[in-house]
Each structure stands twice: as C-alpha cells, then as structure tokens.
Amino acid sequence: MAEQIISKITDFSFAGVNLKSVPTAYVSEVNRPLTPAMSVEEYKIPNRPGSIIVKNAHKRVEIHIKFLLGGDNRPNLLRQLLSPWLKGESPLIFDDEPDKFYLGEIIDECSIAEREYFTEVGIKILCRPFKYQIHGDARDLLTAQATMQTSGATMVTNKDSFVNITAPKTGVITNNGNMTCKPVIRLIGSATLLTIKVMDFACSISDLKAEEVFIDCEKMIVYKNQGTKKVNRLGSFTGRFPEIVPGQNDVAFGGSGLRIDVEFIYHNTYVV
C-alpha cells in the first residue's frame with residue numbers, strides 16, 4: 001500500500017517573499033523540529049547512581065528546506081528568491097500554520113544540484129526557539145488563504161497598562177501563548193520606590209523623577225532614553241526580572257511616593 005501523506009507543505013514565505021511567487025518553484029522537503037531542544041549540563045557524582053541535570057535555556061532551531069525550481073532562466077529566478085532571503089533575520093511562515101511565524105536567518109551556504117529539467121536547492125534557516133503569533137485576533141483566520149497575506153509579518157504585541165498608580169494596586173495579565181515570555185516594562189512618572197510583583201517574581205526600582213524608564217526583562221537591562229542614547233538605570237533596580245507565564249498572572253504594585261503609569265509589553269509566544 002502506498003504511503004499516505006497526511007500534511008504537505010506547499011508554500012512558505014521568508015523575508016516577505018513567497019516561494020510560489022515563482023510559479024515553477026515547488027517545495028520538496030521541510031525538516032523542522034516539533035519543539036526546541038534544551039541546553040543542559042550533566043553532573044556525575046562519584047558513588048551516586050545516575051546524574052544531576054541542570055536545564056539552562058532553549059536552543060535555537062534549525063529548519064531545513066529543499067525546493068525544486070523548473071523552467072527557463074533558472075539562475076535569474078533563483079536570484080529573485082534568494083536575494084531578499086539573505087539580508088538577515090526575517091519572519092518565516094509555512095502555509096500549514098499561517099497565523100504563526102519563526103524569526104530566523106540563513107547563515108550557512110545554500111546547496112544546489114542541477115538536473116536536466118529542474119534545479120534542487122537546499123537552505124538552512126537558524127531560528128529563535130519559539131514561534132510568534134501574527135495578529136492574535138480574528139485576522140488570523142484570513143491568513144489561511146493560499147496567498148499568505150501576512151508575508152511581511154510582525155509579531156503581535158500585547159500592551160497591558162496600569163495607569164495613575166498612587167497607592168498599592170493589583171491587577172491581572174493574561175498570556176495567551178503556551179510559553180513563558182519576558183516583557184519590557186515601561187514606567188512613566190515618579191516614585192521614591194516602586195515595587196512590582198508578577199506571580200513569584202518580585203523586583204523594585206527607586207528614585208524615578210518624572211521620567212520614562214524601561215525594564216527589559218529579556219535582555220536584563222534597565223535604561224532610559226536620552227536623545228539617541230540609552231542611559232543605564234540598572235543601579236536603581238533590585239530583585240528578579242519578571243516573567244509572564246501562560247494563562248493568568250497576578251500583578252501587584254506598591255512602594256512610596258507613587259505617581260506613575262506602568263505598561264507591560266510582551267508577545268504571544270509558542271513552544272509548539
């Protein structure tokens with residue numbers, strides 16, 4: 001009995017350019033991991049069975065794609081596809097999941113094999129570990145069309161604001177993805193001391209004087225913009241950089257001398 005194909009990827013978009021923008025191009029193979037691997041360290045202790053595993057972080061994922069290119073003037077058609085793909089990190093979307101995208105770039109050489117009637121091309125795209133949601137609303141239903149209108153994707157950005165904080169205050173943030181994300185926290189106003197607690201993550205920042213300060217939890221930096229420069233404010237920060245887990249997150253603010261707005265900026269992120 002012939003093998004049945006349950007799902008077949010027929011098109012993808014990278015850096016805003018669809019493979020099928022060249023009508024004689026066809027996807028022949030896509031190899032992508034279901035989930036990213038963890039970076040781990042194993043410690044073996046003498047006279048102790050087994051070992052201790054310490055998990056650090058998710059690794060980047062490698063996505064291998066092969067496609068066939070037919071027709072006349074194949075070298076020019078290949079340049080038409082590859083030129084925008086080689087310009088750096090860009091969104092990568094597959095037509096079997098058109099509402100989400102990877103962020104990746106081609107860093108290795110591209111392979112090529114010339115046949116009599118077609119050219120076989122292989123590319124490897126090194127991507128961030130997770131996928132990101134494009135819109136996060138009903139517009140994603142429209143992307144199921146073969147045209148993949150979201151080729152120029154930018155990830156959906158959630159902004160949860162807590163305004164006019166002058167006394168202790170609580171609230172809720174909901175992460176609709178299935179992976180913990182690290183927000184940018186934007187502070188506007190003044191505070192002698194501002195404490196922020198997101199679930200089990202607690203931190204504080206002091207001496208805010210009618211200014212705008214950013215806490216970038218992904219990069220673990222705290223700064224304010226001064227013209228085109230970033231001025232370091234990490235010395236005013238203590239505690240753990242907050243993370244937003246999937247689902248509902250309880251948030252609490254406190255401190256003294258409060259007259260401040262707080263905004264959490266984060267993305268819907270998916271591990272699978």
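**View 1. Two buried rings, Phe-214 and Tyr-223.** Phe-214 and Tyr-223 are both buried (buried means under 20% relative accessible area, exposed over 50% and partly exposed in between, with a 1.4 Å probe and protein chains only). They make an aromatic pair of the stacked kind, with 5.4 Å from centre to centre and 20° between the planes. Here is the rule: rings of Phe, Tyr and Trp (its six-membered ring) pair if their centres lie within 6.5 Å, and planes under 30 degrees apart count as stacked, over 60 as edge-to-face and the rest as tilted. This is a predicted model, so local features need pLDDT of at least 70 and side-chain atom pairs count only at pLDDT 80 or more, while totals for chains, interfaces and linings use all residues. Residues are numbered from 1 along each chain as its sequence is written, and side-chain values use heavy atoms, with hydrogens and water left out.

**View 2. Phe-12 meets Trp-85.** Searching the whole structure turns up 11 aromatic pairs. In the one formed by Phe-12 and Trp-85, the ring centres are 5.4 Å apart and the planes are at 40°, so this pair is tilted. Phe-12 belongs to strand S1 and Trp-85 to helix H1, so the pair ties together parts 73 residues apart in sequence. (Helices, H or I with at least four residues, and strands, E with at least two, are DSSP runs numbered from the N terminus.) Phe-12 and Trp-85 are each buried.

**View 3. Helix H1 and what covers it.** The buried residues in H1 are Arg-74, Leu-77, Leu-78, Leu-81, Leu-82, Pro-84 and Trp-85. Among the parts covering them are strands S1 (12–14), S6 (61–70) and S10 (118–127).

**View 4. Charges over rings.** Arg-32 holds its charged end over the ring of Phe-94, 4.7 Å from the centre. Lys-100 lies over the face of Tyr-270, also with 4.7 Å to the ring centre. To qualify, NZ of Lys or CZ of Arg must be within 6 Å of the ring centre and within 35 degrees of the ring normal.

**View 5. Glu-263 in strand S20.** Glu-263 sits in strand S20 (residues 259–267), and its 13% relative accessibility is why it counts as buried. Beyond its neighbours within four places in sequence, Glu-263 is in contact with residues including Lys-159, Asp-160, Val-184 and Arg-186 (contact means heavy atoms within 4.5 Å).
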